[in-house]
Amino acid sequence: MSAPERFERLEATRIVAAPGALDEIDSPDGGRLLRLAPDDLLVLPPPERVEVADPYAIIEPEAGFSAAWFDRSELARLQAVSGWEFPVRCPEFAQGHLAGVPVKMLFDEGGVLVLVPAVLAHHLEERLGLGERAE
């Protein structure tokens, strides 16, 4: 099946720093840098060590999100419960709502990574019908 059964807690590192300092951070091997705001960055997976050229940077583990990968074949179904148009180019990171729940979505050639606040993950699972479908 191309849809996940459920959302899983995401391990990441959150960095809040001057935008220019965040621009200089390299992506970990096989990882992603997700810019939540000009001064706010989510690093997946959490690196063992990160250098930030801002002496006032805040670097902390982030455990407030749950995430699930959806195959590209699921994009039409996700778009149907979204109030905004998904990006057409990949990779792209966007924020919006799915089925009335706030999400962040990383679109790439293989599909889309949906991040949801962990406290809302079960609501999104219910609204998307995850775990209910028979194989």
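**View 1. Helix H3 and the residue that follows it in the predicted model.** Gly129 comes directly after H3 and has a positive phi, near 70 degrees. The model shown in this and the other views is predicted. Within H3, which spans residues 121–128, the buried residues are Ala121, Leu124, Glu125 and Leu128. Seen down the axis of H3, these buried residues fall within an arc of 105 degrees, so they line one face of the helix. The elements against which the buried residues of H3 pack are E6, helix H2 (75–80), strand E7 (92–98), E8 and strand E9 (111–117).

**View 2. The surroundings of Asp108.** Asp108 belongs to strand E8, which covers residues 101–108. With a relative accessible area of 13%, Asp108 counts as buried, because this value is under 20%. When its neighbours within four places in sequence are left aside, the residues in contact with Asp108 are Arg32, Trp69, Arg72, Cys90 and Pro91. With one of these, Arg32, the side chain of Asp108 makes a polar contact through its own side chain at 2.7 Å, and the side chains of Asp108 and Arg32 also meet the rule for a salt bridge (2.7 Å, N to O).

**View 3. Trp69 in strand E6.** Trp69 lies in strand E6, made up of residues 65–71, and is partly exposed, with a relative accessible area of 42%. Not counting residues up to four places away in sequence, Trp69 touches Pro4, Arg32, Leu106, Asp108, Gly111, Val112 and Leu113. Pro91 stands 22 residues from Trp69 along the chain, and the C-alpha atoms of Trp69 and Pro91 are separated by 14 Å.

**View 4. The interface of domain 1 and domain 2.** The domain assignment of the chain gives domain 1 as residues 7–63 and domain 2 as residues 64–135, and the C-alpha centres of domain 1 and domain 2 lie 22 Å apart. Contact between the two involves 13 residues of domain 1 and 22 residues of domain 2, while the area buried between domain 1 and domain 2 is about 1,300 Å², with carbon and sulfur atoms giving 67% of it. Across this interface the rule finds 1 salt bridge, together with 7 residue pairs in polar contact. On the side of domain 1 that touches domain 2, strand E1 (8–9), strand E3 (32–37) and strand E4 (40–44) each supply at least two residues, and E3 gives the most to that side of domain 1, with 4 residues.

Note on methods: Residues numbered from 1 in each chain as written. Predicted model: local features only at pLDDT ≥ 70, side-chain atom pairs only at ≥ 80, totals over all residues. Heavy atoms only, no water. Buried < 20%, exposed > 50% of the residue type's maximum accessible area, 1.4 Å probe, protein only. Polar contact = N/O pair within 3.5 Å; in protein donor to acceptor, adjacent residues only side chain to side chain. Contact = heavy atoms within 4.5 Å. Arc of directions from axis to C-beta. Domains from an automatic or database assignment. Buried area = accessible area lost by both parts, 1.4 Å probe. Salt bridge = Lys/Arg side-chain N within 4 Å of Asp/Glu carboxyl O.
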